[in-house]
Amino acid sequence: MTRPDEHDTGTDRLWLAVGPVVVFAAVSAAVCVHAIIRSGSTTGSNLQMAATLVALVAVGTAASVKIRIRSTTHGFTWIESAFMVGLAVAPAPWVVLSTGLGVGITCAIVKRAKIRSVFSVAKEMVLVSASALTLLLLGHHGGSSLSVADLIGPLAVAYLVNVVLDELLTLPIIGLATGTKVSYLFRENWNLRLATVVARFFLILGTLVILQADSRLLAAIPPLILSLHLAYSGRIRARTEQQAWQRLARATDALNAVDLNTVLRTAVTGGAELFSADEVEIELTGTGRLVRGTAKALSYDGPPGAVADGAGLVIPVPLEGHNTGDIGMLRLRFRGPVKLSEREQYTLRTFASALCTAVRNASAYAELNRVAEEHAHAAAHDALTGLANRRHLLDRGAEQLGQRRTEGVVALLLIDLNHFKEVNDTLGHAAGDRVLIQVAERLRGAVHGEDLVARLGGDEFAVLFHGLPAPAVAAHRAEALLTALHEPIELDGMRISVEASGGIAVAPSSGGMTELLRRADVAMYQAKRAGRRISTYAPARDTADLGRLSLGGDLPRAVADHEFTVNFQPIVDLGSGEVVAAEALARWRHPARGTIDPLRFLETVERSGLLPAFAEAVLDQSLIAVNTWREAGFDLPVAVNVSPRSLLDARFPGSVLARLRAHDLPPDRLVLELTETLTLSQLEVVDQVLGQLRDAGIQLALDDFGTGYSSLSVLSRIPVHELKIDRGFVTAMETSAEAAAVIRSTVDLGRSLNLSVVAEGVESEPQRRALWELGCAAGQGHLFARPMPAARLLAALHQGAGGRPGTLAPALHDEGAVVRLSPGRRPGPRRAERLPHLPA
């Protein structure tokens, strides 16, 4: 069976394990020598027979199949066939001594290590002795004239004892020498070992039949053993190759992770098992990181210079991909000498290439994730003070309102600094910014742990109280916060007193965070009008709800009488000035109140049950305008905002497609703009609705990108074609490096995901040029045109800028001019590339 076959360094524990086997072998040898001397059987025939047995044992030992485990090689031999035949035809003492001598001669010839030679000789002598004792107990004496048929039973029992004892002696020693679990060794190639056991037993019986027919045929046994050895070796090699490729496939599949730490840990442990290495080491040159470990766990993870190289053989292979430079080095470490086969060398190169790809992918994902996290943080926080912004406040408030039944009262304090304009006008905006920063620091330091401080814009701040035991506690906390602001602020040697007014509102039973913010705003202005520092919201003094109720009552008539109209703001190619699309903006022309801003009536529409009719009216007017423009030669798509509530209606896609068919328009002429909300990323029905719309060919855009849940997970679930940068970032980009970074990362993200990017709120030529240089292809804003009726937009398209129909602004560069771009700028995917070219 399996046995040591190559050099090993050895340990004290290994010698202690081998020692008992050597002692039993020495006792057995002494007993055999004594038996031979006592019987006086040292005749010429016995000596000739012993020489033959020594030769057979030596041939059986030398004919082995090699299997490497770490730096130690082990083999399957045919020695049992030789000594079992000997036990059947010769006295047992001669067989025991001949076996030991034959194994010893082979070990000396192949120059095995001392401990392996001693163990091999001792173990085989113990196995022969155990088999001989078994035959003796079964009534068979070596050299008896029993027929082969009579010997089958005793030989089978003795052979089984030999096989079991071989496994029990050899596998624990191999496991101790290589650090491999004995259970793994028992399972590894068990079917091949079993087949070998059966083959050897039939070889023993065949040999005995040959010898019984004519003892001179003994010379045919070595060629027979050699033939069986070659056949078995081929089978072992084929099986080993198949298992090696299977392990390689599993190891490379396991590297498909997006986390770099997981990739490195998997590569170390999987590589150690795949190549049966004592240790595997990965060094990344770019990060100055070295990871080392065994098949069980990592032993080191840190800088390369802080760990010793260690002794033994090291096999290095560079981590390099196609058309890319090296990113590091993979090293296999062995405690002893090892020579990899050609197949193992190819496997090592394949594994290193797969590891290189996995490291690059994980690094790219980490960088993209970092940019997205920075983007998300910038979108949720105020650039000047670092506080939460309005969007973050609304999102956190909505989350806490959903938990208020179990986690207490939610309240909002709205703070406005009094006479702050005088600070800006007198000392300048830089001084005003420093005042705002100190106010933010004081508020942040005075709130309780779970309270959220936000800056809503200008000199307006908000504090969201969470988990209050009672509504009255909000007033006490608000008083403490405004008291913290009362202390003068030191500014360039001057002491500036900060006065503020605050409004408190407790979360209403309905209306959500929007209503809570409105009520706090009402309370704050009540405090200002009354000359008080703090005021608490009182429904009796709030007249806004009455107006909203009145609007709600007018909605059915407004829908029936077509009081809702649609204006269109063009979307322009920033480089050429050409109009590439238009956004539809709803307006309500109330017969008594005049034009009503959408912010006032949209929430009322959504809660009224008339949302489908309102959406259909806006969509109809938008598609009519598209047809009008097409007939005039301007094939422009139209972008229509979609309420999140519409996405909860499974009938919405069918309604949209029906309107497209009614106006005989292709689906790609319609762009539906979605607002980033939790609804979009959490509800299954939304996924289904958006999937149906996209599958139908309708374009999808993510509006106000950067102010909501801007994350890779949202983009992976919402099948959009376009990102729209919120106007707040565009307005702040000239004075805020953070806002410019958000825009740049959004453009880079759009380019990497093959999405168009449109900037909202473009107000000036410097903004237009800066956006274009950052790679943003399209924009909309007052620089190009304010929202206007469809007919007026058509007239503007006909007139064009500088006599160029279809344009609303002069091109940034003359046609054919050579443009020097900013370093690192590359053109991103432009909206115009996905749309038909406009007429000249």
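This is a tutorial dialogue on reading a predicted model of one protein chain.

Student: Where do I begin? How many helices and strands does the protein chain have?

Tutor: Start with the overall make-up. This model is predicted, and its secondary structure comes to 28 helices and 24 strands. Of the 840 residues in the protein chain, 49% are buried. The accessible surface is about 38700 Å², and carbon and sulfur atoms account for 57% of that.

Student: What share of the contacts join residues at least 24 apart?

Tutor: Take the contacts between residues at least 6 apart in sequence: 70% of them join residues at least 24 apart. We can look at some examples of such links next.

Student: Why is the pair of F568 and W629 called edge-to-face?

Tutor: Look at the angle between the planes, which must be over 60 degrees for that label. The planes of F568 and W629 stand at 80°, with the ring centres 5.2 Å apart, so this pair is edge-to-face. F568 lies in strand β16 and W629 in helix α20, so the two tie together parts 61 residues apart in sequence. F568 is buried at a relative accessible area of 2%, and W629 is buried at 0%.

Student: Which residues form an aromatic cluster?

Tutor: F564, W588 and F614 form one aromatic cluster. Now find F601, in helix α19 (residues 598-608). Leaving out residues up to four places away in sequence, F601 touches F564, A586, R587, W588, I596 and F614. F601 has 0% relative accessibility and counts as buried.

Student: How do I read a nonpolar core? Which residues touch the most other members of the largest one?

Tutor: The largest nonpolar core has 76 residues, and W629 and L670 touch the most other members. Helix α20 gives this core its largest share, eight residues. Another core, of 41 residues, lies apart from it and includes F83, V126, L169 and V197. Beyond its neighbours within four places in sequence, L670 is in contact with residues including L619, L623, V638 and I698.

Student: Now a single helix. Which residues of helix α14 are buried?

Tutor: First the general idea. An α-helix has 3.6 residues a turn, so residues three or four places apart point the same way. In helix α14 (residues 420-427), the buried residues are F420, V423 and N424. They cover an arc of only 95° around the axis, which puts them on the same side of α14. The face turned away from that buried side carries the exposed residues K421, E422, D425 and T426.

Student: What do the buried residues of α14 pack against?

Tutor: They pack against β9 (409-418) and α15 (429-446). Just after α14 comes G428, with a positive phi of about 100°.

Student: Last topic, charges. How many salt bridges are there?

Tutor: Here is the idea: side chains of opposite charge can pair when their charged atoms come close. In this model the count comes to 25 salt bridges. The side chains of K123 and E124 meet in a salt bridge of 3.3 Å, N to O. D166 also forms a salt bridge with K123, with the closest N and O atoms 3.0 Å apart. D166 lies in helix α6 (residues 148-178) and K123 in helix α5 (residues 114-137), so this pair ties together parts 43 residues apart in sequence. K123 counts as buried at 1% relative accessibility, and D166 is buried at 0%.

Technical notes:
Residues are numbered from 1 along each chain as its sequence is written. Side-chain values use heavy atoms; hydrogens and water are left out. Helices (H or I, at least four residues) and strands (E, at least two) are DSSP runs, numbered from the N terminus. Buried means under 20% relative accessible area, exposed over 50%, partly exposed in between (1.4 Å probe, protein chains only). Contact means heavy atoms within 4.5 Å. Accessible areas come from the Shrake-Rupley method with a 1.4 Å probe; for residues, only the protein chains shown count as cover. Rings of Phe, Tyr and Trp (its six-membered ring) pair if their centres lie within 6.5 Å; planes under 30 degrees apart count as stacked, over 60 as edge-to-face and the rest as tilted. The arc is that of the directions from the helix axis to the C-beta atoms. A nonpolar core is a set of buried Ala, Val, Leu, Ile, Met, Phe, Trp, Tyr and Cys residues joined through side-chain atoms within 4.5 Å. A salt bridge is a side-chain nitrogen of Lys or Arg within 4 Å of a carboxyl oxygen of Asp or Glu.
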